[in-house]
Amino acid sequence: MSHEYFNPVRSAYGAGALSSLPGLLNGRRAVVVTFPEARQLGLVGKVEQLLGGLLAGVIDDVRPNPDVAELRGLYESFWRTPEGPEALIAIGGGSAIDTAKALMVGTESGRFGELVSALAAGRAFRPAQVKSLIAVPTTAGTGSEVTPWATIWDREAQKKYSLHLPETWPEVALLDPELMLSLPASVTLQSGLDALSHALESIWNVNANPVSDTFAVAAVHDILDTLPRLMEKLDDVALRGRMALAALKAGMAFSNTRTALAHSISYEMTLRYGLPHGIACSFPLPMVLERAIGRNARRDAVLAQALGPLAGAPERLAAFIERLGVKTRFVDYGVTDEQAEQMVAFALTGARGKNFIGTALKEAA
């Protein structure tokens, strides 16, 4: 059996790595896309000082889970002058990077509705113009800095769109653990569990390959060891760095496999119950693991590399998540058993659900 692995993103890492931004831009002017608190935290001022005349502007009102209603005006304002800055710099969590990915691909008309219509209809979309992207994550979780995917929400229509184009790979992933020191405990936990979900989802996945497995297993080991210790010592830059690398490894894994059933479940939990993404995709992990074990002998072997003996592995995984303060049953989030069964059945029919090995026939050992 032949396999293929592809990831074109250049990665730069280390405490103080933010200072390499001017060199990475190589003379190009850029707009920074970031979250509202970034200015108060001194991030915007630091970037302004670093970039000087290379900084063309700052968009600092990015909200969690970017919605089409919020993105429309931002997008159309950004593309009003297509000949403007050549690059975007996303500084923040997944929402900042997702927003920047939406901005980086320009429609022929300059209108956001043209892009949304293509996503909603599942039509191919070829951008008329493209800006390059340097992704600077301030959380250790989404892996978005090394993937082409961006999630765009439409709360009014109760839908979630996945933007993924050959043009939406970041050019550079810049990881500076010093930028993560101010991250509160809740976001540290949510992002860390998101990374754990990415790693495991890439293992119980029909698209898994030996290279993605290598990244995923390493990420699981790092997260299981590091996340509990980081939650006790949020100001430890070395632990922040280990989690940043673990999230990067998980991102490198699912950049080729995409996610699977737990993420498919999470979208409905976020839309209908308002659950933060990192919790929504991690609380069902033990249940999904139980469904994955025994489906495919090769996948079982990789899961055992990541989690140890598979006998009792779902219970051990549930205990790990619950020790971090996150419940692992649907009923804990107000979902009845009947509703949960319906939600899982529906999730299995989605694009991400179909990546789960449990949707295929059990393979002989």
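Author: A cavity is a set of grid points where a 1.4 Å probe fits but cannot get out. The model discussed here is predicted. A search of the whole structure for cavities of 30 Å³ or more finds one.

Reader: How much space lies in the largest cavity?

Author: Rolling a probe the size of a water molecule over the atoms shows where empty space is left. For the largest cavity, that space comes to about 60 Å³.

Reader: Which helix gives the most to the lining of the largest cavity?

Author: The lining includes T139, A140, M180 and R240, and by class it divides into six nonpolar, four polar and one charged residue. Helix 6, helix 7 (210–232) and helix 8 (237–257) each supply at least two of the lining residues. With three residues, the element that gives the most is helix 6.

Reader: Turning to the pockets, what is the volume of the largest pocket, and which residues are closest to its centre?

Author: The largest pocket has a volume of about 1,100 Å³. It is lined by 49 residues, and the closest to the centre are N65, G93, G94, S95 and T142.

Reader: Which element gives the most to the lining of the largest pocket?

Author: Elements that give two or more residues to this lining include helix 4 (94–104), strand 8 (149–154), strand 9 (159–164) and helix 6 (185–203). By class, the lining has 20 nonpolar, 22 polar and seven charged residues. The element that gives the most, with five residues, is helix 6.

Reader: And which element gives the most to the lining of the second largest pocket?

Author: The second largest pocket has a volume of about 680 Å³. Of the 25 residues that line it, K159, K160, Y161, Y267 and A351 lie nearest its centre. Helix 5 (112–121), strand 9, helix 9 and helix 14 (337–349) each give two or more residues to the lining. The one that gives the most, with six residues, is strand 9.

Reader: How many aromatic pairs does the structure hold, and what is the angle between the planes of W153 and Y267?

Author: The structure holds eight aromatic pairs. W153 and Y267 form one that is edge-to-face, with 6.3 Å from centre to centre and an angle between the planes of 70°.

Reader: How many residues apart in sequence are the parts that W153 and Y267 tie together?

Author: W153 counts as buried at 4% relative accessibility, and Y267 is buried too, with a relative accessible area of 13%. W153 lies in strand 8 and Y267 in helix 9, so the pair ties together parts whose separation in sequence is 114 residues.

Reader: Which charged residue has its end over the ring of Y267?

Author: The charged end in question sits 3.9 Å from the centre of the Y267 ring. Elsewhere, the charged end of R352 sits over the ring of W149, 5.9 Å from its centre. Over Y267, the residue is K160.

Reader: Is the pair of F283 and Y333 stacked, tilted or edge-to-face?

Author: A pair counts as stacked with planes under 30 degrees apart and as edge-to-face over 60. The ring centres of F283 and Y333 are 4.7 Å apart and their planes are at 45°, so the pair is tilted.

Reader: Which residues form one aromatic cluster with F283?

Author: F283 is buried, with a relative accessible area of 0%, and Y333 is buried at 18%. F283 forms one cluster with F330 and Y333.

Reader: Is strand 7 largely enclosed or open?

Author: On one side of strand 7, S132, I134 and V136 are buried, and on the other L133, A135 and P137 are buried. Six of the six residues of strand 7 are buried, so strand 7 is largely enclosed.

Reader: Which residue of strand 10 is the bridge partner of A135?

Author: Strand 4 (residues 87–92) runs parallel to strand 7 and is joined to it by six bridges, with A87 opposite S132. Strand 10 (residues 172–175) also runs parallel to strand 7, joined by two bridges. In strand 10, the bridge partner of A135 is A173.

Note on methods. Residues numbered from 1 in each chain as written. Predicted model: local features only at pLDDT ≥ 70, side-chain atom pairs only at ≥ 80, totals over all residues. Heavy atoms only, no water. 1 Å grid on protein atoms, 1.4 Å probe; cavity = no way out; pocket = protein on both sides within 12 Å on 5 of 7 lines; lining within 4 Å. Points joined across faces, edges and corners; volume = space filled by probe spheres on them. Helix = DSSP H or I, 4+ residues; strand = E, 2+ residues; numbered from the N terminus. Nonpolar A, V, L, I, M, F, W, Y, C, P; charged D, E, K, R; others polar. Phe/Tyr/Trp six-rings, centres within 6.5 Å; stacked < 30°, edge-to-face > 60°. Buried < 20%, exposed > 50% of the residue type's maximum accessible area, 1.4 Å probe, protein only. Lys NZ or Arg CZ within 6 Å of the ring centre and 35° of its normal. Pairing = 2+ DSSP bridges.
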